[in-house]
4 protein chains.
Amino acid sequence: MDAFLAITTQTEALCEPLQVEDYGLQAMPEVSPAKWHLAHTAWYFETFVLAVADPDYRSPWPAYRHLFNSYYNGVGNPFPRPQRGLLSRPSVEEVYAYRQGVRERICALWDRGSPAGSLAERIELGIHHEQQHQELLLTDLKYSFSRNPLAPAYQTSPPPAGRPETPAAAWRDFPGGMAAIGHGGGAFSFDNERPQHRVLLQPYQLARAPVSNRDFMAFMEDGGYQKAALWLSDGWAELQASGAMQPLYWAHQDGHWWHFTLHGMQAVDADAPVAHLSYFEADAYARWAGARLPTEAEWECAAQALPVQGNFRECGLLAPAPRQVDDASDQMFGDVWEWTSSNYTGYPGYRPFDGELGEYNGKFMCNQFVLRGGSCVSPAAHLRSSYRNFFYPRDRWQFSGMRLARDAS
Amino acid sequence: MDAFLAITTQTEALCEPLQVEDYGLQAMPEVSPAKWHLAHTAWYFETFVLAVADPDYRSPWPAYRHLFNSYYNGVGNPFPRPQRGLLSRPSVEEVYAYRQGVRERICALWDRGSPAGSLAERIELGIHHEQQHQELLLTDLKYSFSRNPLAPAYQTSPPPAGRPETPAAAWRDFPGGMAAIGHGGGAFSFDNERPQHRVLLQPYQLARAPVSNRDFMAFMEDGGYQKAALWLSDGWAELQASGAMQPLYWAHQDGHWWHFTLHGMQAVDADAPVAHLSYFEADAYARWAGARLPTEAEWECAAQALPVQGNFRECGLLAPAPRQVDDASDQMFGDVWEWTSSNYTGYPGYRPFDGELGEYNGKFMCNQFVLRGGSCVSPAAHLRSSYRNFFYPRDRWQFSGMRLARDAS
Amino acid sequence: MDAFLAITTQTEALCEPLQVEDYGLQAMPEVSPAKWHLAHTAWYFETFVLAVADPDYRSPWPAYRHLFNSYYNGVGNPFPRPQRGLLSRPSVEEVYAYRQGVRERICALWDRGSPAGSLAERIELGIHHEQQHQELLLTDLKYSFSRNPLAPAYQTSPPPAGRPETPAAAWRDFPGGMAAIGHGGGAFSFDNERPQHRVLLQPYQLARAPVSNRDFMAFMEDGGYQKAALWLSDGWAELQASGAMQPLYWAHQDGHWWHFTLHGMQAVDADAPVAHLSYFEADAYARWAGARLPTEAEWECAAQALPVQGNFRECGLLAPAPRQVDDASDQMFGDVWEWTSSNYTGYPGYRPFDGELGEYNGKFMCNQFVLRGGSCVSPAAHLRSSYRNFFYPRDRWQFSGMRLARDAS
Amino acid sequence: MDAFLAITTQTEALCEPLQVEDYGLQAMPEVSPAKWHLAHTAWYFETFVLAVADPDYRSPWPAYRHLFNSYYNGVGNPFPRPQRGLLSRPSVEEVYAYRQGVRERICALWDRGSPAGSLAERIELGIHHEQQHQELLLTDLKYSFSRNPLAPAYQTSPPPAGRPETPAAAWRDFPGGMAAIGHGGGAFSFDNERPQHRVLLQPYQLARAPVSNRDFMAFMEDGGYQKAALWLSDGWAELQASGAMQPLYWAHQDGHWWHFTLHGMQAVDADAPVAHLSYFEADAYARWAGARLPTEAEWECAAQALPVQGNFRECGLLAPAPRQVDDASDQMFGDVWEWTSSNYTGYPGYRPFDGELGEYNGKFMCNQFVLRGGSCVSPAAHLRSSYRNFFYPRDRWQFSGMRLARDAS
């Protein structure tokens, strides 16, 4: 119950800098308004916990079952995603009241004895679900804010300019061979991290740091965006259609690169990891650099021995930063999600969650790529080495960056 | 000055029923958020009055010159219309402060002596401009609210169910011949109403009432939406693409017709004039009824002798209503805008306003049709017999209805 | 019968330069393959003459009733226009056989006595219908050929370079007043030219020649395509979307203007009338030149006294040309269709053709503008001063040019 | 040289049933006209063999370098794929002359001594390249023909109705474990089949026959197309957008299923393998059947021991057929391409072909799925167990079917 209360309180704390007008913004179909995130995470607990715990449950908010259903066809026909920004009602205040109402009813479950079995599992899943939406709330807001010429800042104190603690990136060797990936223990994981299974790896190397803004500027200066030979066919077509010549949010002014951040427009810090790359951009950069992206198995094997530490949301920077003094993890965790070359598919023997929650992950296993490691807006407690995030190759509005890999020579 | 203060106060009064969250809604590119209407009407006075009156004028809100420019290329590159809903900042409070700031500066002009000449004309035009936006504020809000399954009501007390004061519509005869249309006197008019000029009319008849919901339901029951022969080619194509089978906002439930109104979902009042028709629907109905739409010259000649009275916004109904007892005007004014068969073009000898205000009307004289008479959300003082409204033939979100005409036999 | 045979033979003669592969080309939805024009014009005679003349008529080509129906919903559901190019079958040879089969059956009507009454009228209409398609066959082919980098020539001998017979254009005065336009006599006309009716005109002037390529180049050099103030709002939007900076078919190479013609790529002849303008371009040019487009009534009144002579298809140039020595008509006829500022609507008292042929013209009376005078690919016998052509304001693939008008000072 | 001559002659033989008008058909951007396939396969030999063999090579067809480049940015800017159908010129005859001209020049290389080294490799690749286009020529033609209401037949004698040689499908067991996949020997393979490498497989089962039309009809009758829970999220969205409720080419008439084939419209043979499924359909069917699709490694391990025999193009049926008497391969080869659950990516250590030919395969390794086994229109000599075909999950115009797999219990 403490965890539950802590998480739901955190989500609301994230909204403190927002004005009422900001809660409804949806600047493209892929992003959702902050108000929607607030309501949908409560909807999860109402739909998958309260309504299941009590067969006679009658919701005081019957219309919300439709309005705040994300994509669960099993629950009913979801309200269309691209129109979430059109819901000026319920108001922000009503949504907070909804959250409070659901929270009280969930707490009441404990009064009748600590929830157990599948109910406890569903609450635990709901907590992790809400952590995911905490990150999306910030990345979605960043995108929507970026479309306003006033460049609103979510946070007014920008992070201090970086000073890199390491020289140019070096490579770390891995022997490959038979390895186990996936989540094996009894602790919580999503269904897509299971079952743990063996994989066969060739010897490989990983860069000891993510690709930096300085690195990526060299790619741009070398005409990387103009050389078709560096790009996947679909990526090149996307480039011709969009006209993009730099990462999302970047703008060139007065001879310098700036980018829109959660602190408003800021100069690009050359030492920080590059972010807001599509898979296509990450793949093209790797080819230009004479390297490749790691597979998710290579990434996970490398990460298994490392502490889950890094520049997470709790650091308060809310932006990728140069390597920190106390970083023992090669920045594998935090800062930026790292694109892997692995398509998002089910592991051998994959079983979706039971019932309507089976739609949580499995139905998205097509056309997306896996990203690993978490970002500067991920809750630290949410991450682990087996964690799999996934986005379409064209998506750029997450803090998506990259790390180079290569075959051991 | 009184008129100026009255109008700007009225606009704000129209927003009283809104919650902060409602101000930003933009459910399709053609409609604008209420906040944008508030800001843009102040922008008019700042741009075309304050900045002209004082060559040294320095705006305290320089970013707004771009943000709230509607379509005046002469003033600069306007912020893209489809994205107006993405401007969560400036906040509602800031926009009200902007209005207050502009209002005070305009009033200060009077302190330096009553404005005269072109400055006075620009203020007068600004007042009429704001009246136009008052109507759009309501019709745009209605459209955006309609996309919310909760069907929010702008006003909670619906108008009383109607009782028609007249029997079935009869026809009124007009002799035709040489007539003068357009605005001729010294009082205010838009440039598109001028110059007054002679036209030649054949003898004609006009129905003494607009087409009612009952009339239109007969058309629907007779399969009007399925008979290609009734429709203009472009209208039929639009119908196939949209799948529309009834006026905008209508829904059939439990054997009855309902429609979304500014009072939420309401039963359709059979005696009230039908509204929210496209030009294509109006034209098809007229063909089905063995009649035609009037030309704007026919309409204007008929209206010149009538008092400008009717169900305007000041009546407070905010919905078309059956004929009122005191109506001496055949409902030519108020209730619904009436589609005419006239394309929106410049009258012979038409001259746009001078300077940047030349973009006010002239550049839209293409592909649109003229509507006449005003609606239940038009300010009464805004209308006159020479007034020309105009929309694209596919547009339906205005209170657009129709009146039948035919050649005198 | 002679006229019928002559016309159908002419249509086939127009196809002589084509290779079999060319007959199926359809480079945009608005244009049709040559094979389709051949089949559709025969379809007219089969559907509206043969099947009407004999109630027991059984078509040997039943599938064609659907395949080659252009837009007559009354006849059945037409095959989708954008897919006409996908009909590799029936083959070219089969379509010629279809034409021959229909031709023989039509001639057989004469063997049973000369057709009279509505049947004769339908044959006459079919002849004029086929003349319209003769022109479209050439303009459509020109467009489709233009998309091939090989720039195929329909005719290999280009017209001789021009030498203008007149100095710079002067103006001709017209007194205005009450005038009659529309087709009044017993001879053939389309329904849209009727009834003849009176109109009231202000005194006006017309340029004595169409706008030339030299004139239009001056507009381009003056930045006409970059000045928003010159353009209608819809035209400016079209320009931003398409990126067009010159008339259709024009290309700038080595410091000179070239354009694609029915003779392949040719240097632009500065003295010839400019062609392939949209209404938006014509309107912008007129505004730039301090003039305006004529109304169709102004054009027709001016043309009524002139002989219908000019550079028509029979001249064999198949391109607009500088004024000819024997031109007594100010180039009002031939060379280029001239955009008027008049929307395409029914004249007062307009009655469509009876029955299914009522769809011929009336249903297109929306969103289009009238063009007058015929072009270098119009059959001379097809034109008259009351003839109304019509296209959407964005259309450019016809030989559409312009003539300036202005109010008499 | 014999192989070269044989292949190019075969391609032309495939076009024998075509009329000249058929050569230019392109009914969607993904398919190409037959004429383009003829020209592009010659273009390969001219560009990658002739122009490389002789540094002074001057092409007699310089315009074709641009026109018939498919997607090799390294060679220049390719002519836009969606517009290939607009190239009525060069004519069919000219394209055959082009093929003959290239053929003669290639043969002349042999006169100067048998080509060796990379030149020989490029010729060999060109032969396999042409085999690929032979299949596409037929599948593309089938698609384009299918859009014609006349339902033209490529072949007039349909295959005999099937009689299944086997009872209901049973399962074959595979032990899994460490296995080697990919092409290892010295014989020809594409770059995407190399390098041979080890994979780790769990024990699994494969159905002994592809899913049949009868099987798939059961899925349809059970409402498979209406049950969201069976579909990947992207597949369900595709279904909602397209409205598809059956495999491509199927139509229900008079209570029976028909489908368009290379023999025109034919009754669906319940015993034949189902074809023209998207990946989404195949995946949904497998889920409905309580099974899954095989991975490409599972498929390849199962196929390695089998003879490459089956219903290939040489059988002349040109349609999937029930199991043949002499089939020793469980129909793994021929009939239909089988969707696997494997994304199309490079094998560990993958190296693209050198130079401009590096664009052959590698740049498509994104968003596509692997299909295995060849189809009824694949040349038999083209297939092997390591052969990887790939298409986007929404693609249906290939002879794409499926085989069930499941984990060994």
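**Exercise 1. Find which residues of H1(D) meet which residues of H5(D), then describe how the two helices run.**

Step 1. Start with the contact list, where contact means heavy atoms within 4.5 Å. From H1(D), the residues D:Ala3, D:Phe4, D:Ile7, D:Thr8, D:Gln10, D:Thr11 and D:Leu14 meet D:Ile127, D:Glu130, D:Gln131, D:Gln134, D:Leu137 and D:Leu138 of H5(D). Helices (H or I, at least four residues) and strands (E, at least two) are DSSP runs, numbered from the N terminus.

A word on the model before going on: it is predicted, so local features need pLDDT of at least 70 and side-chain atom pairs count only at pLDDT 80 or more, while totals for chains, interfaces and linings use all residues. Residues are numbered from 1 along each chain as its sequence is written, chains are lettered from A and ligands numbered from 1 in the order in which they are written, and side-chain values use heavy atoms, leaving out hydrogens and water.

Step 2. Now the geometry. The axes of H1 (residues 2-14) and H5 (residues 117-146) of chain D come within 10 Å and cross at roughly 10°. H1(D) is therefore roughly parallel to H5(D). Axes are lines fitted to C-alpha atoms, for helices over the stretch in contact, with angles from 0 to 180 degrees between N-to-C directions; under 35 degrees counts as roughly parallel, over 145 as roughly antiparallel, 65 to 115 as roughly perpendicular and the rest as oblique.

**Exercise 2. Work out how H2 and H5 of chain C cross.**

Step 1. The axes of H2 (residues 34-53) and H5 (residues 117-146) of chain C come within 9 Å, crossing at roughly 170°. That angle makes H2(C) roughly antiparallel to H5(C).

Step 2. The contact of H2(C) with H5(C) holds 14 nonpolar, six polar and three charged residues. Among those that meet are C:Trp36, C:Tyr44 and C:Phe48 in H2(C), and C:Leu119, C:Ile123 and C:His133 in H5(C).

**Exercise 3. Describe the interface of chain A and chain B.**

Step 1. In this contact, 29 residues of chain A touch 29 residues of chain B. The two chains bury about 2,300 Å² between them, 59% of it on carbon and sulfur atoms. Buried area is the accessible area (1.4 Å probe) that two parts lose on being put together, summed over both. On the side of chain A, A:Glu21, A:Leu86 and A:Arg89 lose the most area to chain B, together 30% of what that side buries.

Step 2. Count the salt bridges (a side-chain nitrogen of Lys or Arg within 4 Å of a carboxyl oxygen of Asp or Glu). The rule finds two across this interface. B:Asp22 forms one with A:Arg89, their closest N and O atoms being 2.5 Å apart.

**Exercise 4. How many salt bridges are there between chain A and chain D?**

Step 1. The count is zero, although chain A and chain D bury about 2,100 Å² between them, 55% of it on carbon and sulfur atoms. A:Leu200, A:Cys366 and A:Asn367 lose the most area on the side of chain A, together 22% of what that side buries.

Step 2. Finish with two pairs that do not touch: chain A and chain C, whose nearest C-alpha atoms are 13 Å apart, and chain B and chain D, where that distance is 14 Å.

How values were computed: Ala, Val, Leu, Ile, Met, Phe, Trp, Tyr, Cys and Pro count as nonpolar, Asp, Glu, Lys and Arg as charged, and the others, Gly among them, as polar.
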